Structure formats: C-alpha cells, structure tokens
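Have the model open beside you as you go through the points.

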Amino acid sequence: MSQIVFPDDVLPPEGVYSSRESLLSAINSWAKSRGYAFTTGKSTKTPNGRVKVVFACDRNGQQPNATIQRKRRTCSRGTGCKFSVLAKQSLDGATWVLSHRPGLDFSLHNHPPSEDPSAHPAHRHLTGGDSRVISSLAAAGAAPREIRTYLRNNSTTLATQKDIYNRIGAARRDLREGQSSIQALVDQLHEEGFHYKVRLDSDNRLTAIFFAHPDSIAFLQCNPDVLLLDCTYKTNKHSMPLLDMVGVDACERSFCIAFAFLSGETEEDYSWALQHLRSLYRRDLPSIVLTDRCLAAMNAAATWFPSSGGLLCTWHVNKAVLQYCRPAFLAEGSQGERRWDEFYKAWHAIVASPTQMTYQERLADFERKYAERFTDAVGYVRTIWLDPFKEKIVRAWVDRYLHFGNVATSRQVAHSLVEDGGTNLSSRAEGIHSLLKAHIKISTLDLFDVWQAMRPAVTNQLKELKYVRASQQVSMPLDVSGVVFEAVRGWVSHRALRKVQEQRQLLSKPLKNPCTMTFTSSFGLPCVHTLKRLEDEGGALLLEHFHPHWHLKRDMSRPHPILEPRKALCQLNQRRKQPATSTRREPSAFESVEAATRPKALPKCSMCHKIGHTMTSKSCPLRYAELFQPPASVTETTAQTTSIVASEAVATTAAQATIAHATIGQKDDLMVAGQAPTGHLRGDQVLEVQALADREFGSHTSTVETVADCIIVNSTVVQQAAVAESAVVEKATAPRLRYNDPQAIYQRYVESRQAWYDAQPRGSIKTNQQYRKAMGLPQRYNRAELAWCLDWKQMGRQCKEQGRPRDWTKEELMSYLDWDKAEEDRVEAMVAAEMEANPFSGRRGMGDIWEAAAADCAAQEALYLGE
C-alpha cells in the first residue's frame, strides 16, 4: 500500500489579512483539508516596531529523549518538522501580510499527512459559542457525554471528550476567580442572596457551613409544621456529612429548607446547625421533628425546638429490627422464613396499636409466643426500642401529635399505619438524598463544586412546588365532589380533600364507635363524625375545619363564601310526574280530574288497520299472518286461488244466511243482502249482517249459528287474500330502487343477515351483533359517523316510505356505513390494480375520469339488478 503524501499546493497562498486572528484562521482552514495544522512558532519585533510571527507546523517540536525514565505515560507529536510561513504586520498596524519563507526546508514536511483533522488540537479548538454552551450545560448538571452529543448534533466542532472535560474545568476555575474553593463558595452564597453561616476553628479552618436558598426560606414560612432531619454521606472529598433539613408542604411534597456541611455528628455539631435553622422560623414552629435514632440529633432538636414533638422514623426502626432479629430465625432452617414473617407481622401490629390497652395486650401475646425460643430478639425489641421510645414510634402515642401522616424520613415508609400493618409509600428526606446525589454524581468534589451541583436541584424543586400549589388553586379533583366541599375549593390542597373524602365514604356504613378525635388530632382534618354532623345539619366544610398546614394560601383571610341554595321542599316536587330535567308545568288538580274522566281514543291496529286493538293483541286476525305467507314465487297464484275460493265461500254463506232469515219472516229485507255482489262483499260487512240479525231476533237456530261460524272463518280467509293481493300489487307498482339507494342497501343487508341465520345450526344464537361479529363488521359507530349519514348528500335527514317520512333507524344507518366503507375499499383496490397494470394511464382530464366513474356505476347497477 502506497504512503499518503502531501499535495503540491501544500503551502497556503500569500495575501493580506485584516488581523492576526483572521490570518491564522485562514491558513488553518487551508491546512485542514491537506492533513496538517499551524501553530504560533516564534514572534519577534523589528526595529521599527512591526511584529513578525512565524506560523509553523504543529509537529515542529523535537522528539523527546527516549533514555529518560518518565513517571507519566505521555505521548508526543513532535518530529522536528520545519514547514512554516511568515506573517508580518504593516507599518500602520492595520493589516497583516502572509509570505512564504525562502528555503526548501520551510516548504516541505518530514512526516506524512494525518488522516483526520481531529488529530490536531488546532482544528479541535472550541469557538466562543461552543465554549458558552458547554459552560451553561455543565452548570445545569448535564453530563460531559451528553454535552458532547449535543455539540455533535448542533455544531461543526471536532472537540473530543477530553476537550469538553478541559472546558468544564476551565469554567469552574473561571467561577472561582483564582480563589480557594471555600472562599469562592462563601462569595457566591453572598452574591446570590443565600442565608449562610460559617464556623471556623482556631486555625481559621472551616469546620461547618450552613446555607439556605432565599426561596426556601419564603416557602418555609408557609409550611413550618413538619421538620425532618437526616444526614447523608459520600458527597464531597472532605468526607463531611451533609445534614438535610426537609419540610413538607400542604400538597404533601417535600422541600429543602436548608443544608449544613458538618465536621462530625456530635450533639455540638447538630446544635450549631439547628440553632441557625431555628432563626429562620419567624412565627410558627414545627409541630413535630422527625429523626432517626441518632441521640445527638434528638437531643439537639429537643433543645432548640422544645415545643415540637420528637418522633422516630419508623422505616429506620423496622430495618434495625430486621437486621438484628432475622438471622436468629433463618438459623432455624426451612421453617425459619415463615416464623420470621409471623414475628415481623406481630412487630408491625404492636407499632400500629391504636390504644395503650391494645398495645399492652399485643405486647403480652408477643412475649408469650416468642420470649422462650427467641429471647435475644424479644429482648432487643423491648430494651432498644419499645421501653425507651414507645412514645415516639407506637401509634397510640404518636397520634397525639399533629404529624399530618409523616412518621418516617425514608423512601419506603409507613406514614399511615393501619391495623393490619399495611403501609403507604412516601418520599421524604431519603428522597432528597437521592435527588441531590443524582446531581452530584461523584464523591471527590470540593464543597464549591458540590454546591454548584446542588443548586439546580434545589431551584428546580422550588419551581415544581410553586407550580403544584398554583395548579391546585385553580383546579378541583374529579374524585372529590359535592356541596360539602364548595367553600374550600382552591383554598385546601387536593391531598387534604381526598383524605376527607375517604372519611366521608365511611358514612355508607353505620357508625358504631364514638368519636375519639384521633384522626383530627393527628391529621388536622375533620373526621367522619364531624362530616356526619355537617350532613345532618345541611352545612358545608369551611376553612376553619382544616389545619393551616393544609391551606394553599396560609395566613390569608377569606371572605365568608356564598354557598349554593338548599333544595326547596314542596308538595309540588313530591307529586311530580314529569322527568327531573323537564321544565313543563305539572297539571292542576282540575286538569287531572278532567283527564281521568275524559274518554281515551281507542288504539288503531297497524296490521289490519282496525280500531280497538293493537297489532300485538290476540284479537287481531292478522297477528300471525306472516307465519302463513307462501314463498314469493307462488304468491300471485295463491292470491288468485284464494280470491276465487273466498268469493265462492262468501256467496254460499250469504245465501244460506238469506234463507235462514227469510224463514223467520224478514225475507224481503234480507234478500237485499243476499243479492249483493259477492265479489265486493267484505268480511266485516258479513259480520255486520250477522250482528244485525242477532240484535233483531235475539236468538238463532242451530242452522244460523253454523252459518255465522262459516261467515267468520271465510271472512278471515278473505282478509288474508286481500293482504297478499295488495302486497303483490304494491311490489309490482313500487318504483325500482337504485343499487346505492339507502333502502336498497338496507334490504341487501337484511337478506344477507337472513341467509347467515339460515346457515347457522339449530339452537345457536342468532342476533344482529353475532352476525356483525361473524362478518367482521364494526359493532358500533360513533356519533360523528352516524350524523354524517344524515347529510343530504348521503342518506338524507328522513326516509320517505310509501309517501310518509320517518326517521332512519340505527340499523339502517350502520348498514349504510358498512356499504360506504366496502365501496371505498373496492374502488381503491380497483384503482390500485389499474395503476399496477398501467402506471402511465392514458386518461386525459376530468372528462375521462367521470366517464370511468359512470361506467362503474352502470356496472354496479346491472350487478344489483341481476342483468
């Protein structure tokens, strides 16, 4: 493989430039594509004050001596290359002139060109814009690899990961302005308005520093009721513990009050930090101070917050019991894990004891069951936790304090202990630890760099807290509703409202136990008994029912709210007959009496069109007529035969009726009926003749009764024949529907469904939904699609059937949508097949397209008609 060589035009062209920087940029741009780079080699001044600069190849350095033993494993690019150019400043200093140096050595390289420009630091130089981007992203907590990815996507720089690290380090040094990390930290805290205190020893060495964000101090004044103290470690190169002082707001969100880097964890260290924390509380002090079992922190908290209740973190307590007691159970073998679960559950039951009596009973059962076999475990629980600290961990004593559900500092905690030992997960001080360490990332930073990493985390947290509070002031949770909450909307946090809603749901069952005020005394919220009293009185919750801890706007007076009016109780509402949403007036008393005495119109049958019954009534002669309808192919023949038979039967029975009545003495009158044209005698007329005879003579012979029976039977036959004949005539005279008519589409849908019904086995389910599911049709359409069908371009608003308009049924609308989708799929498939066969269609203009569409419509019409 041949070696790569420099091109003939390796020297940059001579010329005049406006400045030294522009000259260097121009010659490096020339060298970048040719495999080398320029650096400033030597700079001198002439006697007349002009500056001369030699720009040499960046590999002009001499090779290091290989005989020297070096501690660091470094590399060198130097080859002693003499390739260079000369730049000279003009007499007036306004321009720079580039010229080639005389001599062959200055125009040749002694090394091959590089394969990539990134091998030269001069080409990896960061521009001012890139440097500012790196500094801002690093200050925001972005990792160097993420910064490099951003630059690759948004810049043309060739900077490597090492270059980015160097730029970040330079930015940190710029922030310190040449000061030590501690001095720079103090100056930055002062400039940004932080509240801070510093403790020094006799040698003026820092031993502790306390600082708090100004927005955190303002947030503390609105939420001073809960204080959590916990230390975290491995955050800085000095191994100083970081004390987090955490509060809880009305929305049950944690926020950082202040931080303190301490030299140790003695009571003196905690006392110094809590002394400065105490100065931040301007009026209200915390109701509880929550810590782990650190005696130094507990004593210091009792000194500086004597009125606050001191509680122990239940998560730390549970983990300590698990660490000490579990090994003894696991040593028992296969049954050890089961026994440990029972032991641990009994321990949780003791901690969750609601009363002191229950606590004594559960503790006695616990000792009786485990003291003999697991003496050390029971002794540890008694001597280390229950005897000295039961008032700080057992619910019977803890619920005396206003803890608002905060009884732990850790991520997995039980802040609402229940009888069965269940827990609700929360995130307090341990969650703050995780948040801070996610920004710090490494444990070898000095205090200034740690503060720089922590600052964005605290700022973002405060911004989020303000957003949550503001959003809850203008919104209302959907799962909390009712007139009882009207007066506190936007003034109480959603968390408080949901907990009150949980108490309100207990009203669905009868209250058995009297009120102990435990819930109100520990959460500062109205209990179920208070809610019961308010509902009985028809009252509503007021801001006074909620402790100020739950207020979204603390220390702000609110005018007395105007509530919704109570529903009026009157006799009119009790005897209301109209729907609840109707605005129609109720009928007066006299109108009700008149309506009761007014005769009602008789119903009209829609089958036989007679008055006095409905189509489902048993008295309708055509109720089951559809069961006896013959096939369509023989309808016309059957109708003609039925008409002839009916005419003959009517004539015969009418004649018999005439003879019978004539024998009684009314021959002349009844002969008129007997001479009536039989072809036009209707069944109801025959019935009227029979009824007339019954009314006039009161009794009949057996012969007349037989004749009457024949008349009734034959009148039914005549009715069926008339209906069948009218159906045939109507079908013959009805206009022929087009294939895309909605009625024709629905008719095809019904025929297809009936064919599917007939193909199903006997006894199977045959419904429209089953048919649509089998055919792969949608089970439902939305309102917009159904409304689209009613457009005048589609089905129209109403169906005109036999000259009478009616609304379309939902089944007809769905069948039309099915057909429309199938038609679109068919046309698209046809167009796709045509394009695949002939990509370059010979059609010209819209005329050809309309002709093709008309031909397709004609073909579909012929297919529909069976032609």
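In β9, V246 is the bridge partner of L228. This is a predicted model, in which local features need pLDDT of at least 70, side-chain atom pairs count only at pLDDT 80 or more, and totals for chains, interfaces and linings use all residues. Residues are numbered from 1 along each chain as its sequence is written, and side-chain values use heavy atoms, leaving out hydrogens and water.

**The sheet**
- Strands β8 (residues 226-232) and β9 (residues 242-248) run antiparallel and are joined by 5 bridges; strands are DSSP runs of E, at least two residues, and helices are runs of H or I, at least four, numbered from the N terminus.
- An open sheet of 7 strands has the order β6-β7-β10-β9-β8-β11-β12, with mixed pairing; two strands pair if DSSP finds at least two bridges between them.
- At the edges are β6 (195-200) and β12 (309-312), each pairing on one side only.

**Salt bridges**
- The count comes to 31 salt bridges, each a side-chain nitrogen of Lys or Arg within 4 Å of a carboxyl oxygen of Asp or Glu.
- R338 and E342 form one, with their closest N and O atoms 3.1 Å apart; they are separated by about one helical turn because they sit 4 residues apart in helix α10 (residues 336-351).
- R338 is partly exposed at 42% relative accessible area, where buried means under 20%, exposed over 50%, and partly exposed in between (1.4 Å probe, protein chains only).
- D479 forms a salt bridge with R498, at 3.0 Å between the closest N and O atoms.
- D479 lies in the loop between α15 (447-473) and α16 (494-505) and R498 in helix α16, so this pair ties together parts 19 residues apart in sequence.
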